[in-house]
Amino acid sequence: APPHEGDRVRIGEALAVVMDQAPPASGDVVRLGGGPGAAQLAASGSSTPPASHARGAGDGSGPAGGQEESELAMLERLEAALAEAEAAQVLLQQGADEAAKALAKSEEATEDKAQAAANAAAAAVERDERSVFVRNVDFSTTATELSEFFGMCGTVKAVKILQDKFTGRPRGQAYVEMGSLDGVENALVLNGTAFKERALAVARKRTNIAQHARRKSDGGWPSRGRGGSAPRGGGRGRGAP
């Protein structure tokens, strides 16, 4: 039979003493007394709940404990992935910096080469402007003899006697580089002057132009495409007379 109201009050007071807390209200005593577990706890005089109620609380074996461990493992994996991403970003930035430095050095080297080539070309043009081309030179003439002959016109910086590239023999031609433009004007006056019983032909030296530059200035080589040139054999096909 269910306990009386007085019995329920006494059960509530006993639970309060055992659990070291304030006595429950009257309604709580009624709800507590209505359950079989409360009557069993009051009858035994122990504050420990039944095994069925305590199992899985705080030992990590329940659903809450497994979820917490899963969240911790996921957090550790995320932190490791973030660290790897940061390390990869650092390596990528280092590679980009090295590539930028290499590109800057390459561009600087290219600019230096271009500047050096431009300076050399300008020097060559200036040297040609101070030079004369001499023809009908006696084959026995030496560079020293030509230098002394043109020395009356001014300072002679260099003399080059042209030779045949196959035989190595003199071609009867020479370049004379003077020290100034006035020297060139004076050397041109010697045109037709006899030297070793030969009349020298003296003219201004032409500036050498690279083949690709000359082709570009002339509009390029003639086209050899269809219609650009006559076919071999003068354009006569088979059966032509």
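**Close-up views of a predicted model**

**View 1. A charge over an aromatic ring at Phe-139.** Arg-198 is placed over the face of Phe-139, at 5.3 Å from the ring centre. This arrangement, like every other described below, belongs to a predicted model.

**View 2. The open sheet of four strands.** The strands of this sheet follow the order S2-S3-S1-S6, and their pairing is antiparallel. S2 and strand S6 (201-204) are the edge strands, each of which pairs on one side only. From one strand to the next, the twist averages 25°. In general, the strands of a sheet pair through backbone hydrogen bonds, in either a parallel or an antiparallel sense. Here, S1 and S6 are joined by four bridges in the antiparallel sense. Within the sheet, Phe-133 stands opposite Ala-203 in S6.

**View 3. Two helices lying across the sheet strands.** H6 lies across S1, S2, S3 and S6, and its direction makes an angle of about 135° with S2. H7 lies across S1, S3 and S6, running at about 145° to S6.

**View 4. The largest nonpolar core.** This core comprises 17 residues, and those with the most contacts inside it are Val-132, Val-134, Phe-150, Val-176 and Leu-200. At least two core residues come from each of strand S1 (131-135), helix H6 (143-150), strand S3 (170-178) and helix H7 (181-188). Beyond its neighbours within four places in sequence, Val-132 is in contact with several residues, including Ala-174, Tyr-175, Val-176, Val-184, Ala-187 and Leu-188. Val-202, Ala-203 and Lys-205 are also among the contacts of Val-132.

View 5. Val-156 belongs to strand S2, which spans residues 156-163. When neighbours within four places in sequence are set aside, Val-156 is in contact with Ser-147, Phe-150, Gly-151, Val-176, Glu-177 and Met-178. Val-156 and Glu-177 are 21 residues apart along the chain, and their C-alpha atoms are separated by 6.0 Å.

**View 6. The aromatic pair of Phe-133 and Tyr-175.** The structure holds three aromatic pairs. One of them is formed by Phe-133 and Tyr-175, a tilted pair with 5.2 Å centre to centre and 45° between the planes. The pair links distant parts of the chain, with Phe-133 in strand S1 and Tyr-175 in strand S3, 42 residues apart. Phe-133 is classed as buried because its relative accessible area is 18%, which is under the 20% cut-off. Tyr-175 counts as partly exposed because its relative accessibility is 26%, a value between the 20% and 50% limits. The charged end of Lys-205 sits over the ring of Tyr-175, 4.8 Å from its centre.

**View 7. The aromatic pair of Phe-149 and Phe-195.** Phe-149 and Phe-195 form a tilted aromatic pair, with 4.8 Å centre to centre and 50° between the planes. This pair also links distant parts of the chain: Phe-149 is in helix H6 and Phe-195 is in strand S4 (residues 194-195), 46 residues apart. Phe-149 is buried, with a relative accessible area of 13%. Phe-195 is likewise buried, its relative accessible area being 10%. Ring pairs link Phe-149, Phe-150 and Phe-195 into a cluster.

Note on methods: Residues are numbered from 1 along each chain as its sequence is written. This is a predicted model: local features need pLDDT of at least 70, side-chain atom pairs count only at pLDDT 80 or more; totals for chains, interfaces and linings use all residues. Side-chain values use heavy atoms; hydrogens and water are left out. A nonpolar core is a set of buried Ala, Val, Leu, Ile, Met, Phe, Trp, Tyr and Cys residues joined through side-chain atoms within 4.5 Å. Buried means under 20% relative accessible area, exposed over 50%, partly exposed in between (1.4 Å probe, protein chains only). Contact means heavy atoms within 4.5 Å. Two strands pair if DSSP finds at least two bridges between them. Axes are lines fitted to C-alpha atoms, for helices over the stretch in contact, and angles run from 0 to 180 degrees between N-to-C directions. Rings of Phe, Tyr and Trp (its six-membered ring) pair if their centres lie within 6.5 Å; planes under 30 degrees apart count as stacked, over 60 as edge-to-face and the rest as tilted. A charge sits over a ring if NZ of Lys or CZ of Arg is within 6 Å of the ring centre and within 35 degrees of the ring normal.
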